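Please look through the sequence and the model below before reading on. The paragraphs that follow go through its parts in turn.

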Amino acid sequence: MHPRNVWHAMSGPGFLLSSWPWRSAGYLLTGAVTGGVALVLIAATAAAGAVLALVLVGIPLLVLAALAGIPVAWVERHRMRLIDADPAVDPHRAPATHGLWAWLTTRIREQATWRELGHALLFAVLLWPVDALVVAVALLCPLSMVATPLLMATVGGGQEAKVLKQWTVTTWPASFGVAVLGVVLLLLGAYVLGVVAGARAGLTRLLIAPREAELDTRVVELSRSRLRLVDAFEAERRRIERDLHDGAQQRLVGLTMTLGLARLDAPPGPVADQLAKAQEEADRVLAELRELIRGIHPKVLSDHGLPAAVADAADRSAIPVEVDLALSGRLPQAVEAAAYFVVREALTNVARHSAASRAEVSGGHRDGRLFLQVRDNGRGGADAGAGTGLTGLADRVSALDGRISLSSPPGGPTLLRVEIPCVRTDRSA
């Protein structure tokens with residue numbers, strides 16, 4: 001399994017023979033270069049802005065210096081890919097409107113901007129010298145020692161060689177001994193590079209991509225994936241409903257008509273009686289199929305919207321149901337479908353379990369949310385977790401960022417509330 005980051009690589013075999021030590025060295029070396037550049041640019045911009053602030057020309061430069069953490073953090077998030085396969089998320093949110101002013105005001109108000117500025121200052125003042133020092137001690141010094149025999153053969157003319165510009169070796173055995181020591185230090189330095197690079201990346205992630213930002217991003221992605229699943233589920237339901245309506249239902253209608261014609265042509269007797277029974281059975285199957293189609297996805301919901309579909313469900317209810325829905329226009333298809341099936345399931349439960357004599361469905365759309373209430377005058381005591389079917393509907397509503405609440409004290413009344421955030425659409429009724 002390929003390691004996800006330098007820490008995983010160091011915990012397994014083969015680290016020294018892999019690319020991870022060199023990737024760690026590259027991360028620290030580019031950090032030293034980036035930090036030096038950031039120090040020069042931030043210091044120059046801040047100094048120029050402070051000098052020119054008296055004539056107001058320096059104010060944009062000071063603002064630019066305050067926003068310097070944003071490009072530095074962007075570079076750091078990309079550099080981190082050298083030693084960490086998990087991407088560091090961008091904590092900034094998109095401005096509400098387009099334009100430079102909207103972008104600027106959004107960034108200034110964000111906590112992430114100032115956290116990134118603090119990281120940029122720490123990086124420019126302290127961290128990049130540490131990166132450079134570690135690369136020099138753990139990589140360049142051992143490589144210089146390994147090259148001692150080569151230096152003695154070339155620069156030293158075979159007579160002597162300087163080791164780290166501090167010690168002089170004058171014999172070949174001593175030079176090869178220094179080279180062997182350099183190899184050992186180079187192997188140890190590989191782990192030093194990995195540890196420092198991993199720690200640096202962890203600190204950078206903590207400062208510019210905190211855990212809560214990653215969690216927020218994952219929550220958003222999970223919410224979007226749930227919505228995609230809901231849409232796909234509704235599309236599949238509509239496809240099944242359409243296939244049954246246009247296929248199996250039409251065939252049953254044709255079969256019923258054929259049996260009726262055969263019954264008229266048959267003489268009175270056992271054959272005619274069997275044909276009559278077959279026609280009655282076909283009529284019952286057709287009625288059940290129509291009810292099944294209506295339960296999968298009622299056509300009235302697609303054609304006329306939620307109020308008409310709820311009114312149709314109320315007309316077919318076993319008890320009287322009063323409907324008062326203040327809705328104008330159409331809502332998103334997933335919202336209409338979820339709301340309809342919640343109401344239908346609630347009315348089914350009222351008719352089966354509540355011993356109620358009447359029920360009421362009310363609601364409307366306000367403040368960007370759909371509100372529905374289903375009330376009955378039954379005996380109460382309903383439990384959403386007792387297999388009434390509302391648990392699955394609650395999960396479906398939750399996928400749309402909605403919620404369901406049930407109030408059903410013993411003796412009644414029972415009140416089911418549904419709330420789903422949504423906006424009206426311009427779909428024609």
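How much of the chain over residues 50–75 is helix, and how much is strand? The chain there is 73% helix and 0% strand, with the end C-alpha atoms 26 Å apart. Helices (H or I, at least four residues) and strands (E, at least two) are DSSP runs, numbered from the N terminus. This is a predicted model, in which local features need pLDDT of at least 70 and side-chain atom pairs count only at pLDDT 80 or more, while totals for chains, interfaces and linings use all residues. Residues are numbered from 1 along each chain as its sequence is written, and side-chain values use heavy atoms, with hydrogens and water left out.

The span 50–75 carries the UniProt annotation "transmembrane region", from an unreviewed entry, which also covers residues 25–44 and 174–197. UniProt positions are given in the numbering used here, feature names are shortened, and annotations may be inferred rather than shown by experiment. Residues 174–197 are 100% helix and 0% strand, and their end C-alpha atoms lie 33 Å apart.

A nonpolar surface patch of about 570 Å² is made by L39, L122, V125, L126, V130, L203 and L206. Patch residues have over 30% relative accessible area and no salt bridge, and nonpolar side chains (Val, Leu, Ile, Met, Phe, Trp, Tyr) are joined within 5 Å, like charges within 9 Å. Accessible areas come from the Shrake-Rupley method with a 1.4 Å probe; for residues, only the protein chains shown count as cover. Helix 6 (111–146) gives the largest share of the patch, four residues. L39 lies in helix 2 (residues 20–52).

The structure holds 12 salt bridges, each a side-chain nitrogen of Lys or Arg within 4 Å of a carboxyl oxygen of Asp or Glu. One of them joins E76 to R79, whose closest N and O atoms are 2.7 Å apart. These two residues are three apart in helix 4 (residues 69–79), so about one helical turn separates them.

Five strands form an open sheet in the order 3-4-5-7-6, with mixed pairing; two strands pair if DSSP finds at least two bridges between them. Strand 3 (321–326) and strand 6 (403–407) stand at the edges with a single partner strand each, so one side of each has no neighbour in the sheet. Strand 4 (residues 359–366) and strand 5 (residues 369–376) run antiparallel and are joined by eight bridges. A359 has D376 in strand 5 as its bridge partner.
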